[in-house]
Amino acid sequence: MKIIGITGGVGSGKSEVMKYLETHYDCTLIRSDELAHELMKKGQVCYDPILALLGPGVLGPDREFDRKAVAAKIFADKKLLEQMNRITHPAVRKSIALAMKEAADAGRSFFFLEAALLIEEKYDEICDELWYVYADAEVRKQRLRKSRGYSDEKIRQIMANQLPDAVFRKLCAFVLDNSGAFTETIRQIDSRMQIYPPQANVCSSSKITGHQ
């Protein structure tokens, strides 16, 4: 099983890339942000520590975390963001290790792990290679305004907390340019996937068990 990490800046289109891979290749996909939100739900391991950190003001009427309220609070305070990451990232990493083992046991050919902080959290240590989903900064801003309704200030805050383009390019084996039409992105993905030999469906146990 080949383990590929997918990363890139906010608004670069990582989710669309993952959707395409999921429907066209024999793979298991994990989206770390979605996994983190699951672990933040009431009764899950991250709920109480985050509530203690951020306070009840970020809860909705159902006592679940309001994503917009949480994002507004942590992205305006770098210290809070760091504290939040220290709570969620170990729990996410443990869940990813379990998913990797299940995928290997099921004989999957590929395991794709998508995470905005893939490099910062050293997920590259459990991946065979990294892909960087790139999009021009102005394209990313337009997407975020349109799809998420983000203000320019919020976009600036989020982008300021992410790695620069040069670092992504240095550490990733493949740069996928998703600035234009998605048909061109598909062409790049399919071309890249053709380089991999038929998978033996064997995954190094050290990559899984070494990071639980």
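Strand β4 (129-134) is mostly covered, with six of its six residues buried (under 20% relative accessible area, where exposed is over 50% and partly exposed lies in between, for a 1.4 Å probe and protein chains only). Helices (H or I, at least four residues) and strands (E, at least two) are DSSP runs, numbered from the N terminus. The model is predicted: local features need pLDDT of at least 70 and side-chain atom pairs count only at pLDDT 80 or more, while totals for chains, interfaces and linings use all residues. Residues are numbered from 1 along each chain as its sequence is written, and side-chain values use heavy atoms, with hydrogens and water left out.

Both faces of β4 are covered: E129, W131 and V133 are buried on one side, and L130, Y132 and Y134 on the other. Strands pair if DSSP finds at least two bridges between them. β4 pairs with strand β1 (residues 2-7) in the parallel sense over four bridges, and L130 is the bridge partner of G5. Four bridges also join β4 to strand β5 (residues 174-177), again running parallel; here Y132 has V175 as its bridge partner.

## Nonpolar cores

A nonpolar core is a set of buried Ala, Val, Leu, Ile, Met, Phe, Trp, Tyr and Cys residues joined through side-chain atoms within 4.5 Å. The largest such core has 40 residues, and those with the most contacts inside it are L54, F65, I96, F111, L113 and Y123. Two or more residues come from each of α2, α3, α4 (67-74), α5, β3 and β4. Helix α5 gives the most, with 10 residues.

Leaving aside residues up to four places away in sequence, Y123 touches H89, V92, R93, I96, L113, A115, L117 and L118 (contact means heavy atoms within 4.5 Å). Another core, of 17 residues, lies apart from the largest one and includes V17, C27, W131 and L176.

In helix α2 (residues 32-39), S32, L35, A36 and L39 are buried. Seen down the axis of α2, these residues fall within an arc of 100°, so they line one face of the helix; the arc is that of the directions from the helix axis to the C-beta atoms. Their cover includes β2 (27-31), α3 (47-54), α5 (78-105) and β3 (110-114).

The axes of α4 and α5 come within 7 Å and cross at roughly 120°. Axes are lines fitted to C-alpha atoms, for helices over the stretch in contact, and angles run from 0 to 180 degrees between N-to-C directions. The two helices are therefore oblique to each other, given that angles under 35 degrees count as roughly parallel, over 145 as roughly antiparallel, 65 to 115 as roughly perpendicular and the rest as oblique. V70, K73 and I74 in α4 meet K78, L80, L81 and M84 in α5.
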